[in-house]
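This briefing goes with the sequence and structure shown below. Please keep both in view while reading the points that follow.

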Amino acid sequence: PVSVNIPEFIAKVKERDFDGAVSKIKESNSLPAVCGRVCPQENQCEKFCILGKKGESVGIGRLERFVADRALEKDEKVEKPDVAADAQSVAVIGSGPSGLACAGDLAKKGYKVTIFEALHKAGGVLSYGIPEFRLPKDRVVQKEIDNIKALGVKIELDSVAGRLYTVDELMNEEGFDAVFIGTGAGLPRFQNIPGESPNG
């Protein structure tokens with residue numbers, strides 16, 4: 001779904017060029033260690049693997065997780081892209097997976113990006129919704145967020161969109177050129193349907 005060049009990244013793994021493999025993934029995916037754990041690769045990637053027609057598909061998700069975890073353990077510095085003084089600025093509302101991915105992709109292209117997060121911790125469902133045993137918060141989520149910040153992305157916590165700023169205020173008063181809204185699912189809201197009781 002994010003257009004990772006799977007054959008090229010697997011070729012790098014085959015050559016034991018693990019740094020090259022994770023670099024190839026990061027060209028399209030700003031959160032590889034997260035995606036290697038929680039994305040449904042078996043439906044989105046592996047089911048299209050031609051080897052699966054005669055046997056078992058290549059473990060694309062496991063390979064992605066392996067090279068991404070290896071990169072996180074090495075704790076290498078993320079190269080900050082050049083940003084022109086007159087670069088356009090983008091406000092990203094929400095620091096969940098879509099907000100982080102959007103911010104990372106835009107920062108790599110040279111935009112100035114600020115994320116506005118309503119809660120006191122970035123990550124959205126990655127921090128608050130997925131259990132620790134499936135997605136370690138300090139070892140994976142926080143490091144991936146730190147990598148996004150190292151690209152030059154600013155994250156404003158405790159900033160509730162709609163209360164602190166409206167979209168119009170972000171653009172007309174705060175000077176943002178564009179706004180991406182990635183607020184996630186949040187809490188469920190139940191709507192009364194005519195003829196049905198509120199409890200179902």
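Leaving aside its neighbours within four places in sequence, Ser95 is in contact (heavy atoms within 4.5 Å) with Leu100, Ile115, Glu117, Lys121, Ala122, Gly123 and Gly124. This is a predicted model, in which local features need pLDDT of at least 70 and side-chain atom pairs count only at pLDDT 80 or more, while totals for chains, interfaces and linings use all residues. Residues are numbered from 1 along each chain as its sequence is written, and side-chain values use heavy atoms, with hydrogens and water left out.

**Ser95**

- Ser95 sits in the loop between β1 (89–93) and α6 (97–108); helices (H or I, at least four residues) and strands (E, at least two) are DSSP runs, numbered from the N terminus.
- Ser95 counts as buried because its relative accessibility is 0%; buried means under 20% relative accessible area, exposed over 50%, and partly exposed in between, with a 1.4 Å probe and protein chains only.
- The side chains of Ser95 and Glu117 are joined by a polar contact of 2.6 Å. A polar contact is a pair of N or O atoms within 3.5 Å; within protein, one must be able to donate a hydrogen and the other to accept it, and residues adjacent in sequence count only if both atoms are side-chain atoms.
- A polar atom of the Ser95 side chain also lies 3.0 Å from the backbone nitrogen of Gly123.

- Five of the five residues of β1 are buried, so the strand is largely enclosed by the rest of the structure.
- Ser89, Ala91 and Ile93 cover one side of β1, and Val90 and Val92 the other.
- β1 runs parallel to β2 (residues 112–116), with five bridges between them; two strands pair if DSSP finds at least two bridges between them.
- Ile93 stands opposite Phe116 in β2.
- β1 also runs parallel to β4 (residues 178–181), through four bridges, and Ala91 has Val179 as its bridge partner there.
- Together, β1, α6 and β2 form a right-handed β-α-β unit: with the strands pointing away from the viewer, the path from the first strand over the helix to the second runs clockwise.

**Nonpolar cores**

- The largest nonpolar core has 25 residues, of which Val92, Ala103, Ile115, Leu126, Leu135 and Val153 touch the most other members. Such a core is a set of buried Ala, Val, Leu, Ile, Met, Phe, Trp, Tyr and Cys residues joined through side-chain atoms within 4.5 Å.
- Two or more residues of this core come from each of α3, α5, β1, α6, β2 and α8, and α6 gives the most, with five.
- Apart from this core lies another, of 11 residues, among them Val4, Ile25, Val67 and Ala71.

**Helices**

- Ala107, in α6, is buried, with a relative accessible area of 2%.
- Not counting residues up to four places away in sequence, Ala107 touches Pro81, Val113, Leu151 and Val153.
- Helix α8 (residues 137–150) has 14 residues and reaches 18 Å from its first C-alpha to its last, close to the expected 20 Å, which is 1.5 Å times one less than its number of residues.
- The buried residues of α8 are Lys137, Val140, Val141, Glu144, Ile145, Asn147 and Ile148; they pack against α2 (18–26), α3 (32–38), α5 (60–74), α6, α7 (125–128) and β3 (154–156).
- Asn5 caps the N-terminal end of α1 (residues 6–14), with a side-chain oxygen 3.1 Å from the backbone nitrogen of Glu8.
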